[in-house]
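Subject: Structure handover

Hello,

Here is the structure I promised to pass on. Please open it first, then read the notes below.

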Amino acid sequence: MGRLSAIGWVTLVFMLALAILPPIFMWTGQPFYVDLTTRLVVLAIAAVGLNILLGFGGLVSFGHAAFIGIGAYAVGIPAYHATWGGMDFIASYNGFFQLALALAASALFALVTGAIALRTKGVYFLMITMAFGQMAYYFFLSLDIYGGDDGLTIDVRSELPLISLDNPLTLYLVAYVSLVVAMFIKHTLVNSRFGMVLQGAKGNNERMVTLGFNTYKYQLVAYVISGSIAGYAGFLLGNFTTFISPDMLDWTRSGELMFMVILGGASTVLGPVLGSSIFILIEEVLKGVMGWFDGLLEPLIGRELGLEVYWHLPFGLMLIFVVLFVRGGLMGLLKRRGK
Amino acid sequence: MKKIVTAALAATMLTSIAQAAEVKIGFVTTLTTGGAVIGNDQKKAVDLAIKQMGGKMGDLDVNLIYGDDGFKPETGKQATDKLLKQDNVDFVAGYIWSNVLLASRKSVLDAGKFLISANAGPGPVAGKLCNENFFSTSWQNDQTPQAMGEVLNQKGVKSIYIIAPNYAAGKGMVAGVKSTFKGEVLGTDMTKWPTQLDFSAELAKAKASGAEGLFIFYPGKAGGAFMKQYQQAGLKDSLPLYTVFSVDALSLPKFQAAGFTDVLGSQFTQFWDPTLDNPQNNKFVADFRAAYGSYPSFYAAQAYDSMFLIKSAVEAVNGDLTDMDGMRAAMKSASFPSVRGEFTYGNNNMPIQNFYLREVVADADGNWTTKIVQTVFEAHQDSYAKDCPLK
Amino acid sequence: MDYTLLFLQVLNGVQLGLLLFLVASGLTLVFGILDFVNLAHGSLYMIGAFVCASLTFLFGNFLLAVLVALPITGVVGFVIERVVARNLYDKDHLDHVLATFGLILVIDTLTQIIWGVEGIAVPLPAWLDGQVQLFEGAVIPSFRLLIIGSGLSVAAGLFWLVNYTRLGMLIRAGASNRTMVSALGIDIQTLFALVFALGAMLAGLAGMLISPITEASIGMGNQIIITTFVVIIVGGIGSMKGAFIAAIIIGLIDTLGRSFLADIFGLVMSADAASTAAPAVSGMMIFILMAVVLALKPQGLFPPKVR
């Protein structure tokens with residue numbers, strides 16, 4: 001293992017904080033913050049999955065929300081039929097069945113769309129993955145029985161032996177352990193021969209091909225793994241929100257996921273987790289700051305301005321600022337300070 | 001970064017410890033995106049109601065917390081969860097959009113709190129998903145178009161074409177008008193909600209269908225866009241327009257500013273009108289106009305009512321917010337002063353009320369508003385009540 | 001088959017396609033020449049609509065408002081190029097995407113602060129507010145005809161500009177080889193700023209033309225931007241001809257899908273299921289088109305010759 005680098009320390013401390021904080025929130029009667037952290041961790045899992053492609057493969061997927069959606073509907077659709085009848089072959093509350101369905105469906109979707117998408121490069125790849133994502137979005141939109149645009153409420157969460165996902169803390173711990181495992185998988189993958197080929201293809205695809213590697217196959221495998229991890233995150237998200245709608249698959253959500261990875265710092269282990277943390281927490285923080293500012297101004301102008309709804313303004317400025325002045329996302333900032 | 005987060009967390013923890021004798025009400029509405037036009041109007045009405053109450057319901061101080069649904073079911077549910085879990089509200093009210101209400105209802109009801117819809121009334125909530133802790137200060141979605149279907153029959157319209165958005169409320173509106181309209185429906189177009197605002201293709205189809213009338217439902221800004229395109233297509237004489245929830249006090253000043261005179265004289269059905277003559281409504285409309293300089297919309301009227309409904313519950317139990325049965329009974333009696341006048345609640349806690357035909361006119365000062373032409377239904381109950389197991 | 005209806009729907013589709021082309025032409029120029037991915041291009045469309053709406057009320061004349069709003073939108077584009085975009089050219093596409101997403105949030109919020117959330121209905125002069133009868137049974141709003149007319153003339157003007165002027169020569173050269181242009185001793189900074197401002201004016205014009213139909217409203221830019229990206233990708237990045245053809249195809253697919261898909265679906269499924277499925281599938285069609293085009297031609301229909 002050797003001595004930890006500065007980045008290593010930050011990663012360790014951050015992950016420890018994520019492990020300790022939610023139980024504290026729970027015991028101090030702040031269940032909302034448990035929810036917030038759960039959402040953060042679940043999205044971080046998807047972001048870690050995306051980062052395999054984006055950070056290490058140089059393949060910018062703009063359609064990853066589709067996998068999350070597929071994973072979530074893999075919980076919702078069997079549960080819907082178990083509650084309301086019909087489609088007996090799929091009706092089930094069984095968590096393992098739903099999870100298997102989520103993984104299989106997202107892997108299959110990744111395999112089929114990836115096989116086509118990987119024929120293209122660069123920004124064309126970005127757009128074709130978005131096209132596939134939008135197709136999945138409109139597919140679920142067209143399913144009248146599962147609510148179409150209105151979405152589907154999951155009345156019963158996935159049933160697993162020994163543990164109950166109805167308990168917010170249990171659900172959180174499952175998500176947290178999954179995140180750690182996902183980060184570990186990514187770390188192992190990236191440092192394996194497979195990861196080397198993938199990164200080699202990112203740098204210079206032709207050279208890797210000349211060296212005798214079928215990079216297309218490597219990239220396709222990476223795409224399937226990445227999509228399955230996102231599908232797994234979807235399985236958790238469905239269980240967490242107990243409400244799913246086609247909106248979860250929309251390109252804006254794929255965009256957010258992508259922004260999380262870039263903001264945190266692509267091709268780092270902690271980056272996606274950091275990015276998703278910022279994305280989830282920033283709304284609460286900025287609304288708080290704007291509200292505080294509003295209160296400060298109120299005596300001066302005699303009325304509340306309702307500044308809270310304008311929190312997008314400082315957020316947008318912050319994103320521009322990060323891109324202009326920080327190289328390599330927030331992890332880049334840390335790295336530079338570490339030197 | 002992390003410091004800020006910790007500071008923010010600590011601050012919220014501190015504030016939640018200091019609690020006075022108060023009733024906490026969460027109000028979920030749309031405060032961002034184009035849908036915020038409606039949300040802001042509801043907010044104005046709620047603020048006005050609380051101000052008139054002197055900030056108190058009985059002996060309890062009112063602590064009102066707004067949640068923003070961002071025009072999306074998922075965001076609305078998150079806002080609802082936050083109100084329940086972080087702010088510990090006693091009542092959750094609001095909900096403009098049917099899909100947001102459907103997504104959020106389970107959170108509120110599972111938490112054992114009262115859910116008051118100040119607009120949305122999708123069929124399931126009135127029928128198989130009805131709940132003793134759910135109350136509406138609006139209507140069930142199908143009722144208003146049912147009244148319009150009746151008006152169409154009275155006018156002798158033989159055939160109509162329908163254009164509506166493809167979401168829960170849109171489907172309810174279509175089902176509603178189809179259930180009472182005795183003529184023929186020559187075609188139905190469901191459009192992408194809320195993004196589609198150009199209706200050229202649908203209008204061309206409607207015209208080609210040869211129908212005698214065109215029925216639409218487009219709340220918010222889509223309504224304005226539709227009316228404009230309808231006028232540009234020059235269909236006023238060949239294909240008269242019959243609307244529900246598409247022309248309101250929010251769009252009329254905009255139409256007036258744009259000199260869009262075709263709207264004058266257009267008719268639509270509703271449960272309420274600013275000219276309804278009862279003390280509560282007169283006070284509401286006068287105070288609202290005095291405070292904000294414009295006529296209140298029906299969205300505002302319903303939001304205003306929701307606050308007085310909650311007040312009646314709180315006062316009935318003398319501020320004992322643990323007495324759920326007492327509060328429920330008080331609300332069920334519908335004894336609060338409503339802007340719509342007297343009404344009763346059905347077994348599913350949806351109002352049994354009158355529906356009127358409203359017409360767009362200019363008031364004495366030249367401002368565009370509406371007046372009542374006739375009463376279409378008296379004490380009308382929605383058709384889903386029979387699916388609701390409650391008594 | 002009702003041929004008059006089909007004709008009208010084709011006309012509606014072409015009109016939508018031309019509006020898309022106006023937005024897409026600027027985007028494809030900026031992308032092709034500056035190699036800059038501008039998600040905030042749709043915000044310029046929105047700014048054009050709002051500026052024009054305010055000016056219409058100020059002047060009491062829509063056309064005059066358009067004439068004044070055009071240069072204003074160009075200036076806004078110029079300023080955005082100077083302040084934000086210019087500093088991003090040497091970064092990679094991912095940085096562009098993140099920064100311009102931030103820009104969208106900023107511009108949307110500022111628009112909301114300046115103009116409110118209500119949106120603005122834009123009145124038209126009476127002679128534009130009526131209808132024109134093309135032949136028996138085929139009546140079309142005169143304003144839609146104006147959109148078609150101005151869309152076609154702008155397209156023609158752009159083709160002239162790109163193919164027969166010195167600026168166009170530089171633009172074409174820049175689209176295929178940036179370093180060559182700067183090697184020619186051309187002030188590349190000014191060229192870039194001009195292209196950006198031109199793109200802003202084109203997007204702004206589309207916003208101005210749509211505002212009397214759908215109103216100027218917050219978020220309108222974000223709804224069109226993704227379709228616009230589909231257009232320039234299908235057409236091939238940097239290709240004006242490609243953008244034009246793809247825009248018309250996509251306009252037609254969208255409109256004809258909305259018009260006839262429900263009836264076609266109604267033949268094989270219940271009316272209720274068809275009315276839910278049809279709008280979804282018609283929304284899906286442009287993405288299917290893009291996927292098919294890219295699967296067959298990975299650089300779009302008209303890829304730039306040298307890259």
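How many residues does helix H11 of chain A have, and how far does it reach from its first C-alpha to its last? Helix H11 (residues 271-301) of chain A has 31 residues and reaches 42 Å, close to the 45 Å expected at 1.5 Å a residue. The expected span is 1.5 Å times one less than the number of residues. Helices here are DSSP runs of H or I with at least four residues, strands are runs of E with at least two, and both are numbered from the N terminus.

Some ground rules. This is a predicted model, in which local features need pLDDT of at least 70 and side-chain atom pairs count only at pLDDT 80 or more, while totals for chains, interfaces and linings use all residues. Residues are numbered from 1 along each chain as its sequence is written, chains are lettered from A and ligands numbered from 1 in the order in which they are written, and side-chain values use heavy atoms, with hydrogens and water left out.

Helices

H11(A) bends by about 40° at A:Leu281. A bend is the angle between axes fitted to the seven residues ending at a residue and the seven starting there. After H11(A) comes A:Gly302, with a positive phi near 80°.

Now chain C. Helix H10 (residues 240-266) of chain C has 27 residues, which should span 39 Å at 1.5 Å a residue. Its end C-alpha atoms are 39 Å apart, so the two agree. H10(C) has a kink of about 45°, centred on C:Phe260. At the start of H10(C), a side-chain oxygen of C:Ser239 comes to within 2.8 Å of the backbone nitrogen of C:Gly242.

Aromatic rings

The structure holds 51 aromatic pairs over all chains. Rings of Phe, Tyr and Trp (its six-membered ring) pair if their centres lie within 6.5 Å; planes under 30 degrees apart count as stacked, over 60 as edge-to-face and the rest as tilted.

One stacked pair is B:Tyr167 with B:Phe217, at 6.5 Å centre to centre and 25° between the planes. This pair links distant parts of the chain, 50 residues apart. B:Tyr167 is in the loop between strand S7 (159-165) and helix H7 (168-180) of chain B, and B:Phe217 is in strand S9 (residues 213-217). B:Tyr167 is buried at 2% relative accessibility, and B:Phe217 is buried at 3%. Buried means under 20% relative accessible area, exposed over 50%, partly exposed in between (1.4 Å probe, protein chains only).

B:Phe199 and B:Phe226 form a tilted pair: 5.1 Å centre to centre, 50° between the planes. B:Phe199 is buried at 0%, and B:Phe226 is buried at 0%.

One aromatic cluster in chain B includes B:Tyr167, B:Phe217, B:Trp97 and B:Trp139.

Charges over rings

B:Lys228 lies over the face of B:Phe260, at 5.1 Å from the ring centre. The charged end of B:Arg340 sits over the ring of B:Phe343, 4.8 Å from its centre. The test is NZ of Lys or CZ of Arg within 6 Å of the ring centre and within 35 degrees of the ring normal.

Disulfide

Which cysteines does the disulfide join? B:Cys130 is joined to B:Cys388, S to S 2.0 Å. The cut-off is a pair of cysteine sulfur atoms within 2.5 Å. The torsion about the S-S bond is about 80°, so the disulfide is right-handed. The pair ties together parts that are 258 residues apart in sequence. B:Cys130 is buried at 12%, and B:Cys388 is buried at 5%.

Best wishes

Notes. Polar contact = N/O pair within 3.5 Å; in protein donor to acceptor, adjacent residues only side chain to side chain.
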